[in-house]
Amino acid sequence: MHNDVVLVIVVGTALAFDFTNGFHDTANVVATSISTRAMSPRLAIGVASVLNFVGAVISLAVAATVAQDIVSSDAITPTVVFAGLIGAISWNLITWYFGLPSSSSHALIGGVVGAAWAAAGASAILGNGLLGKVLIPALIAPTLAFIAGGSAIAICYRIVAAQRPGLVARGFRLGQVASGGLLALAHGTNDAQKTMGVITLALVANGDISPNHFHVPTWVVISAASAIALGTYVGGWRIIRTMGTRIIRMDAAQGFSAQGAGAAVILASSHFGFPLSTTHVISGGVMGAGAGKRLSAVRWGVAGDIVTAWLMTLPAAAAIGALTYGITRVFGTGSAGPVVVAVVALALAALTFVRRAQQGAPVPAR
């Protein structure tokens with residue numbers, strides 16, 4: 001019975017993470033469209049929410065990677081998955097509080113890896129999968145997006161060099177509606193999949209799914225897709241400001257180039273089952289589009305802060321995940337530990353939101 005209680009807590013916590021992923025990563029999808037005034041904030045977020053949902057249900061390759069290729073299913077229990085989720089949510093909230101666009105994907109993977117290590121030691125970690133499907137793509141993907149964004153803006157400027165600026169701006173803003181929609185779709189194919197993979201991993205650990213007949217249940221797909229879509233609609237204005245205006249001041253052509261580059265890299269990675277950080281990718285595209293115009297257009301100090309947050313994400317989330325697992329074990333192997341931690345985590349999350357609301361969220365430029 002206690003395993004079923006823990007499983008329910010795990011599913012609820014996973015969907016809560018998916019929700020935080022949506023509002024944390026909203027900026028990845030909509031910031032460029034909003035900052036160039038291609039779309040109004042509410043319209044951009046509404047469209048992104050719908051397309052996030054659609055993207056989440058059209059591919060399951062990333063979900064399979066998270067469930068099968070990062071940690072050993074033999075060493076995983078629902079409590080381990082719960083601790084990993086708490087690590088990921090905690091890091092998401094910390095970086096959201098300070099307006100840093102860190103990686104929700106790497107926070108989730110780091111949290112689960114840290115909890116699994118605390119529970120069963122280093123043997124629980126599948127090193128080849130972690131290296132080949134997480135760490136190496138984490139380095140290559142933003143670099144590709146940077147190159148693609150820089151190349152795209154150079155080509156765009158060459159094509160429209162002789163055209164009237166007003167006509168060019170209107171054309172690229174219209175193009176951003178399409179490129180932004182494609183980016184939102186791509187985001188759903190990758191980010192929502194991680195939550196699906198974690199819930200499925202918990203179901204395998206609980207004995208509800210056989211490891212020899214791996215599949216992602218339909219209810220998991222729909223619930224995860226809905227949670228990330230709702231989180232996207234709620235939005236994360238603090239991170240939107242960082243992504244949309246503090247890295248570079250973009251024109252419509254740069255926004256179009258950055259979104260197109262990001263969407264292409266994410267969709268290709270989702271096809272091969274790589275659980276990418278969409279934050280890494282779109283940030284690389286934004287910086288590439290800025291540098292393609294001129295290097296001084298990129299505010300490299302802000303970009304450096306973002307890179308620092310990236311580097312901290314895996315180890316920080318892993319440490320929180322490991323600590324959370326240790327705390328749950330203080331209460332034994334039953335459901336008491338996860339219940340206590342879940343209640344405390346909800347209280348702290350509510351306090352965080354209240355404090356941020358009291359300080360006042362910045363209003364995005366319209």
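Which residues does Met 196 touch, not counting residues up to four places away in sequence? Select Met 196 and show its surroundings: Ala 56, Leu 60, Ala 63, Val 216, Val 220, Val 221, Ala 224 and Ala 225 are in contact with it, where contact means heavy atoms within 4.5 Å.

Before moving on, a word on the model. It is predicted, so local features need pLDDT of at least 70 and side-chain atom pairs count only at pLDDT 80 or more, while totals for chains, interfaces and linings use all residues. Residues are numbered from 1 along each chain as its sequence is written, and side-chain values use heavy atoms, with hydrogens and water left out.

**The cores**

A nonpolar core here is a set of buried Ala, Val, Leu, Ile, Met, Phe, Trp, Tyr and Cys residues joined through side-chain atoms within 4.5 Å; buried means under 20% relative accessible area, with a 1.4 Å probe and protein chains only. Helices are DSSP runs of H or I, at least four residues long, numbered from the N terminus.

**Helix α3**

Next, select α3 (residues 61–68). Its buried residues are Val 62, Ala 63, Thr 65, Val 66 and Ala 67, and they pack against α6 (127–159), α7 and α10 (252–271).

**α2 and α8**

Show α2 (residues 41–56) with α8 (residues 218–234): their axes are 8 Å apart and the packing angle is about 165 degrees. Axes are lines fitted to C-alpha atoms over the stretch in contact, and angles run from 0 to 180 degrees between N-to-C directions. The pair is therefore roughly antiparallel, the term for angles over 145 degrees.

**α5 and α7**

Finish with α5 (residues 104–120) and α7 (residues 165–205), whose axes come within 10 Å and cross at roughly 20 degrees. These two helices are therefore roughly parallel to each other, a term for angles under 35 degrees. Display Ser 105, Leu 108 and Val 112 of α5 against Asp 191, Lys 194, Thr 195 and Val 198 of α7, the residues that make the contact.

Notes: Angles under 35 degrees count as roughly parallel, over 145 as roughly antiparallel, 65 to 115 as roughly perpendicular and the rest as oblique. Buried means under 20% relative accessible area, exposed over 50%, partly exposed in between (1.4 Å probe, protein chains only).
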